[in-house]
Amino acid sequence: MSSSPSLTDTRAGMVDARREIGASVSLTIPSPAEPAPTATSAGRFEARGPVSNAVLHRLTGSENTDHVALARLAADETRDVLRDDDIQLALFMLYASSYGSLDEFSPDLEWDPRLIETRGILEARFESGIRSAVPLPELPEPTADAVARALFELTSADAGPSLSRHVAKKATLEQVREFFIQRSIYTLHEADPHSWAIPRLHGRAKAALVEIQADEYGGGRPDRVHAAIFAAAMRGAGLDDSYGGYVDVVPAITLASHNMMSMFGMNRRLLGAIVGHLAAFEMTSSIPNRMYGDGMRRLGFGEDVTDYFDEHVEADAVHEQIAGRDLAGALAEDRPDLLADIMFGAAACLAVDGWAGLHMLDSWTGGESSLRAGALR
């Protein structure tokens, strides 16, 4: 085993490493091209700093550097963990190892002790950053009815700028393609982060989650799996539907939205948070998806593109009732100790997804792309 660099040496090299993001290692996957990326376009999946560079080296088996020390430094020095490209990409890759979503990552490394240590360091900083940035809502009584009412009140109180309204009324063709690219990070794996909770639930809450997830996975019909329907929509919009094809071009806040779900789902101690996240996710889906579908039709897209959004209008109107009362409410009744995390998970969903959406809106209203500067090739 090679000796690890000292903490002083590591810190001294970190600034220079941040200036050479991704210079030394890459994966070959598709990336967008102007004006409409295709499945045959080629690009580079690049690290964004020393931590993601070291993690990528390790996961691809090319080198084993001291990513643990780098993770500690990054966690200590980051000013905004949710928008830290290096940390968020490193977490995305570590989670991808467990999902099995990138074939380049060896399954033998999923439980590598040092990678798990690095993940734990970055997760601790990520979680503390979310908890600091997202106020905990007032807690209701731990009954199914009270929790459901509180969740519906929480999700209906958001009066900020509407990404779905912009897509419905104003978005250009280029902006809609960017919307698909941003959403592909999660939606090509739709439902998977929440499914980690199934073996950790019991009774009413477990039955409710399985009922929701059965619909998400097509009710036994492979062609109706929601991730597959979204992939078809991407193809209809002239985009590459391979998972991870656009990781290189999305900003850290987009990765953070997906990483938060993964962190909540993969950590048993955060069971309440992933349940609350799903409840808020479902409660804020039906109406926006109607608007997204309308926007796609306004731009001339056909059913192959609108099907995904139309499917969610009716399905999520049902899911929100199940998620609020039978899932989150029942869990709070059975496990009152999880009530605070249920409400936190719901608030975190609204906040972080809201920031990701606001990034797109601010970019577009400023006449800019929402994708990473210089990432398109």
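Where pLDDT is low, the predicted coordinates should not be read in detail.

This is a predicted model, in which local features need pLDDT of at least 70, side-chain atom pairs count only at pLDDT 80 or more, and totals for chains, interfaces and linings use all residues. Residues are numbered from 1 along each chain as its sequence is written, and side-chain values use heavy atoms, with hydrogens and water left out.

Now colour the chain by pLDDT. The mean is 88, and 86% of residues reach 70 or more.

Next, select S128. It sits in helix α5, residues 113-133 (a DSSP run of H or I, at least four residues, numbered from the N terminus). S128 is partly exposed, at 33% relative accessible area (between buried, under 20%, and exposed, over 50%; 1.4 Å probe, protein chains only).

Last, the cavities. The whole structure has 3 of 30 Å³ or more (a cavity is a set of points on a 1 Å grid over the protein atoms alone where a 1.4 Å probe fits but cannot get out; lining residues have an atom within 4 Å of a point). Select L59, L94, S97, S98, L109, E110, L115, I116 and R119 to show the lining of the second largest cavity. Its volume is about 50 Å³. Helices α4 (85-99) and α5 each supply at least two lining residues.

Definitions and conventions: pLDDT = per-residue confidence, 0-100. 1 Å grid on protein atoms, 1.4 Å probe; cavity = no way out; pocket = protein on both sides within 12 Å on 5 of 7 lines; lining within 4 Å. Points joined across faces, edges and corners; volume = space filled by probe spheres on them.
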